[in-house]
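Subject: Handing over a structure

Dear colleague,

I am passing the structure below on to you, together with some notes on what turned up when it was examined. Please have it open beside you as you read.

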Amino acid sequence: MKVSQRTVRLELTEPLRISRSTMAARDAIWLAIEHQGTRGYGEAVTSTYYGLDAARLGRLLHEAGRELARCATPESALDALRAGELPAPGTPPAVTAAVESALLDLAGKRAGVPVHRLLGASEAPHAATARTIGITSYRAAAEQARLLTRRGFSVLKIKAGAPDPEDDLDRVLAVRNAAPHARLLLDPNGAWSPALADTLLPRYAALGVEAVEQPLAPGDPEALAALAARSPLPVIADEDAVGFEDARRLAGRVHGINVKLAKCGGVTAALRIADLLTGSGTALMLGCLTASTLGLAPAVHLADRARWTDLDGHLLLAHDPWTGIGGTDGTVRAGREPGLGVRPVHGAPPPGEEPADWETAGQETPEPARDGEAAQ
């Protein structure tokens with residue numbers, strides 16, 4: 001198999017502010033795996049929070065490419081990945097997720113079936129996705145809410161964690177008044193103390209917020225579980241639930257776990273967590289980082305397994321280089337074409353070509369531009 005990669009810049013339509021940072025752009029690295037004339041694609045994006053800049057991602061994907069080159073077929077590489085034999089121990093989950101994405105895309109194309117069929121689903125999954133509203137003025141938030149609901153969005157996720165908690169409450173109230181029929185989710189990204197959470201959660205419940213995501217600073221899952229036990233709102237773990245062992249500790253003790261392929265390690269890891277949560281009383285949320293359609297597509301093929309779907313990362317971009325999962329009307333849909341069902345739009349490299357700015361795995365990676373502050 002031949003492996004190559006390309007680094008691109010993803011600019012947001014407008015900066016996204018959350019409690020710990022503001023992001024206007026991030027780098028993405030596209031991974032292409034070719035076998036017998038057919039290509040599969042995956043994407044990994046930079047993240048300051050997870051300590052992944054473009055240079056490090058590039059090096060790690062080159063190393064993974066050398067390992068993949070020793071596999072006879074994409075299918076045998078997938079088997080090795082699922083068995084934990086690929087990539088090398090200690091590889092960040094975002095890299096594993098990108099490798100698995102490209103292998104699934106390639107295997108689906110070779111078999112002539114979409115990825116969800118490879119995963120056992122007969123129908124193409126689709127789901128109403130939340131649309132994120134960052135920390136902004138209450139007037140701007142209300143205008144966004146009105147516009148989004150007119151476009152078809154029925155779920156809005158509002159970022160919280162402003163220095164003055166009353167600002168967050170004003171923003172949520174404004175969104176509620178502007179979109180009275182929308183389901184509202186709240187995400188402070190770990191900005192609250194337990195005492196502040198106890199004060200604020202009843203007020204958000206009164207505003208009709210459906211659930212709150214990671215209200216407490218990550219690092220103390222016991223405190224999060226204790227808050228969930230007394231909260232008037234469902235509590236969803238995110239930063240405190242990175243991988244399988246985190247999910248195992250919190251299963252049955254929080255109301256939901258936000259599974260992101262880039263933080264847990266890909267589709268296989270996400271399915272293990274989903275199986276773990278079945279019957280536990282803890283529901284699955286599917287989330288994402290800000291990324292292109294290519295980066296989000298694998299999760300969309302799992303969308304029928306989640307209670308909450310938050311797969312809007314591609315909708316925050318000024319220009320999405322890929323297409324195929326929709327979402328602009330509030331619903332994401334898995335493609336029915338073989339593989340991931342995504343394709344490049346104008347300006348992106350067409351499948352099957354080897355542009356000069358793609359690098360073959362094993363070559364030295366030039367130092368790409370570092371991304372700014374990264375938000376989830």
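The notes that follow take up the aromatic rings, the charges over rings, the cysteines, and then the pockets and cavities.

Please keep in mind throughout that this is a predicted model.

Aromatic rings

There are four aromatic pairs in the count. In one of them the ring centres of Trp 30 and Trp 322 are 5.3 Å apart with the planes at 85°, and because planes over 60 degrees apart count as edge-to-face, that is the class of this pair. Trp 30 belongs to strand β2 (residues 22-35) and Trp 322 to strand β13 (residues 322-323), so the pair ties together parts that are 292 residues apart in sequence. Trp 30 and Trp 322 are both buried.

Trp 322 also forms an aromatic pair with Tyr 41, and this one is tilted, with 5.3 Å from centre to centre and 55° between the planes. Here too distant parts of the chain are linked, since Tyr 41 is in strand β3 (residues 38-45) and Trp 322 in strand β13, 281 residues apart. Tyr 41, like Trp 322, is buried. Taken together, ring pairs link Trp 30, Tyr 41 and Trp 322 into a cluster.

Charges over rings

The charged end of Arg 20 sits over the ring of Tyr 49, at 4.1 Å from the ring's centre, and Arg 272 lies over the face of Phe 244, 4.0 Å from the ring centre.

Cysteines

How many disulfides does the structure hold? The number is zero. For Cys 288, the closest cysteine sulfur is that of Cys 264, and because the two sulfurs are 13 Å apart they are too far from each other for a bond. Cys 288 has a relative accessibility of 12% and therefore counts as buried, and Cys 71, at 16%, counts as buried as well.

The largest pocket holds about 440 Å³ of space. Its lining is made up of 22 residues, and those nearest the centre are Leu 81, Thr 96, Cys 264, Gly 265 and Ala 269. Two or more lining residues come from each of α2 (74-82), α3 (93-111), α10 (261-264) and α11 (267-277).

The lining of the second largest pocket consists of ten nonpolar, five polar and four charged residues.

Cavities

There are four cavities of 30 Å³ or more in the structure, and the largest cavity has a volume of about 250 Å³. This largest cavity is lined by 22 residues, with Glu 43, Leu 261, Ala 262, Gly 295 and Leu 296 nearest its centre. Strand β3, the strand of Tyr 41, gives two or more residues to the lining of the largest cavity, as do α3, α10 and α12 (293-300). That lining divides into 15 nonpolar, four polar and three charged residues.

With kind regards

Terms used: Residues are numbered from 1 along each chain as its sequence is written. This is a predicted model: local features need pLDDT of at least 70, side-chain atom pairs count only at pLDDT 80 or more; totals for chains, interfaces and linings use all residues. Side-chain values use heavy atoms; hydrogens and water are left out. Rings of Phe, Tyr and Trp (its six-membered ring) pair if their centres lie within 6.5 Å; planes under 30 degrees apart count as stacked, over 60 as edge-to-face and the rest as tilted. Helices (H or I, at least four residues) and strands (E, at least two) are DSSP runs, numbered from the N terminus. Buried means under 20% relative accessible area, exposed over 50%, partly exposed in between (1.4 Å probe, protein chains only). A charge sits over a ring if NZ of Lys or CZ of Arg is within 6 Å of the ring centre and within 35 degrees of the ring normal. On a 1 Å grid over the protein atoms alone, a cavity is a set of points where a 1.4 Å probe fits but cannot get out, and a pocket is an open set with protein on both sides within 12 Å along at least five of seven lines; lining residues have an atom within 4 Å of a point. Grid points are joined across faces, edges and corners, and a volume is the space filled by probe spheres set on the points. Ala, Val, Leu, Ile, Met, Phe, Trp, Tyr, Cys and Pro count as nonpolar, Asp, Glu, Lys and Arg as charged, and the others, Gly among them, as polar. A disulfide is a pair of cysteine sulfur atoms within 2.5 Å.
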